[in-house]
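I opened my notebook with the sequence on one side and the model on the other. My plan was to look up a few places, one after another, and to write down what I found there.

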Amino acid sequence: MKNFIIKTLGCKTNQVESALIAELLINAGFCETDIISNADYYILNSCSVTHIADSKNFSYLRHSKRENPKIINVVTGCMAQLEKENLLKSDEIDVVIGNNEKNDIVKILENNEKYNVSDIFSHDKFRYNKLNQTNRTRASVKIQDGCNNRCTYCTIPFARGKNRSNPVENIEEQINLFAKEGFYETVLTGIHIGQWGLDFNPQQNFQNLLEKIEDTNIYRYRLGSLDPLELSDGFIDFLSVSKKFCPHFHLSLQSVCNNTLKRMNRYYTEEHIKHLVEYINSKFENAFIGCDIIVGFPGETIQDFDTTLENLTELKLSKIHTFPYSRRKGTIADKMPNQIDNLEKKQRAAIIQKLSDKKNYEFKKSNMGCIKEIIIEKSRDKKTGLLKGVSENYINVLIDAPDKYKDTLQKVILRGFSENNDKLIGELYFPENQNACN
């Protein structure tokens, strides 16, 4: 019997695919371990969205070889797809498996193949495998792969290929299976989920899928990152009356400056973003609205940065994920003039992070005294020993309650902040607790 350990970096899609890899291997007679010295294979499901991600990939691989010189390091994911056979030149890497070949990992390892990476753009159909187990409280469903956009800074289309949608009957089957296994919530994930259905003939759209999910047995669902152009007023209206949608939006903005957006090859404007955020807030009370922002993009002047900062300050957001621009070989932006100094990029990111901390504090404070439905997780918070969970509007909550409430859905009153203000403290709601808002 061969033992394996799997390490996942990057996005939720990678997390879903790692769960599938583990299940395929276990079903084939492999045994999963969390101790490197006991493992025959170290499988790294890699991310390559920034140069920092690349550095982390190699750091984990070097650590694996130091801990167990006989271990076979297997690299899959986006770094494997982008760098291909070049990775085999590294002493830390023994096997390279492409993104589309993850489903074939059992055959690849059993046949002792060193390299199996296909042309990602040659694949037109979504590869579906039903996932029967997951060790998470919320079960994620991969609804599509690939991206048809060509943003000037991004290598993801070259790592993931063109948009390929998971047929609706597969998604319904997976969600209903998770519901049967006792999960209350599913997260719809993919590389560009708003493009779901556009590759079908006849075409479908994302709302068509969500209308079907309304009829599944899952209690609630949550969406992954969305392009602002994919959130029309009508789509938001649909979500606002949904019985299952969690009011949690993550917007892939990248900038709120028209000059920068144009250089990024993003097709919306500052004005569109302002309308979108305002419209979401008008339709939902205390919806979580997060966003991604890249600072220090080539040619981003101080005035451009200030425009983004002013617009972000004005918008009613819950959190801002900010990243200094990272040069990626093979992208248009890598060859653009007026590259920004790394120190300047870090300084700009720190300014946005400070704004994000302020907005996140204000968002959590606005939820004080309210009743929220919390999915309580299977394990306790390591620092405090309290039960932990996440509200429908994406607030991390700590609850002083016995173990019998683990892995259950409970109504909780949000009472105050945790010691370092990163979470809220909640109290289980019972009918006699009347001093709360709805």
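**Entry 1, a residue and its surroundings.** I began with Phe-206 and looked up its contacts, where contact means heavy atoms within 4.5 Å. Leaving aside its neighbours within four places in sequence, I found that Phe-206 is in contact with Ile-143, Ile-193, Gly-194, Trp-196, Leu-223, Leu-226 and Phe-235. Before going on I noted that this is a predicted model, in which local features need pLDDT of at least 70 and side-chain atom pairs count only at pLDDT 80 or more, while totals for chains, interfaces and linings use all residues. I also noted that residues are numbered from 1 along each chain as its sequence is written, and that side-chain values use heavy atoms, with hydrogens and water left out.

Which residues have the most contacts inside the largest nonpolar core? A nonpolar core is a set of buried Ala, Val, Leu, Ile, Met, Phe, Trp, Tyr and Cys residues joined through side-chain atoms within 4.5 Å; buried means under 20% relative accessible area, exposed over 50%, and partly exposed in between, with a 1.4 Å probe and protein chains only. The largest core has 71 residues, and I listed Phe-206, Leu-210, Leu-223 and Leu-239 as those with the most contacts inside it. The largest share of this core, six residues, comes from α1. I then found a second, separate core of 17 residues, which includes Tyr-42, Val-75, Leu-87 and Val-96.

For helices I used DSSP runs of H or I with at least four residues, and for strands runs of E with at least two, both numbered from the N terminus. Phe-206 belongs to the contact between α7 and α8, to which Gln-207, Leu-210 and Glu-211 of α7 also contribute, together with Gly-234, Phe-235, Phe-238 and Leu-239 of α8. The axes of α7 (residues 206-213) and α8 (residues 233-240) come within 11 Å and cross at roughly 10°, which makes α7 roughly parallel to α8. Axes here are lines fitted to C-alpha atoms, for helices over the stretch in contact, and angles run from 0 to 180 degrees between N-to-C directions; angles under 35 degrees count as roughly parallel, over 145 as roughly antiparallel, 65 to 115 as roughly perpendicular and the rest as oblique.

I looked up the strand order next and found an open sheet of three strands, β7-β10-β11, with parallel pairing; two strands pair if DSSP finds at least two bridges between them. The edge strands are β7 and β11 (220-223), each of which pairs on one side only. β7 and β10 (residues 185-189) pair over four bridges, and Lys-142 has Thr-189 in β10 as its bridge partner. β10 and β11 likewise pair over four bridges, and Leu-188 stands opposite Leu-223 in β11. In a regular strand the side chains alternate between the two faces of the sheet. In β7 (residues 139-142) I saw Ala-139 and Val-141 point one way and Ser-140 and Lys-142 the other way, and all are buried.

Another open sheet has six strands in the order β2-β1-β3-β4-β5-β6, and its pairing is parallel. Because β2 (31-32) and β6 (115-116) stand at the edges with a single partner strand each, one side of each is left without a neighbour in the sheet. Helix α1 (residues 12-27) lies across β1 (3-8), β2, β3 (41-46) and β4 (72-77), and runs at about 175° to β1. Helix α2 (residues 51-67) packs on the sheet as well, touching β1, β3 and β4, and its direction makes about 175° with that of β3.

Most residues other than glycine have a negative phi, and most peptide bonds are trans. Where did I find positive phi values in residues other than glycine? Lys-84, with phi near 50°, is in the loop between α3 (78-83) and β5 and is partly exposed, with a relative accessible area of 29%. Asn-112, with phi near 55°, is in the loop between α4 (105-110) and β6 and is exposed, with a relative accessible area of 58%. Last, I noted that the peptide bond from Asn-201 to Pro-202 is cis, with omega near 0°, and that Pro-202 has its place in the loop between β10 and α7.
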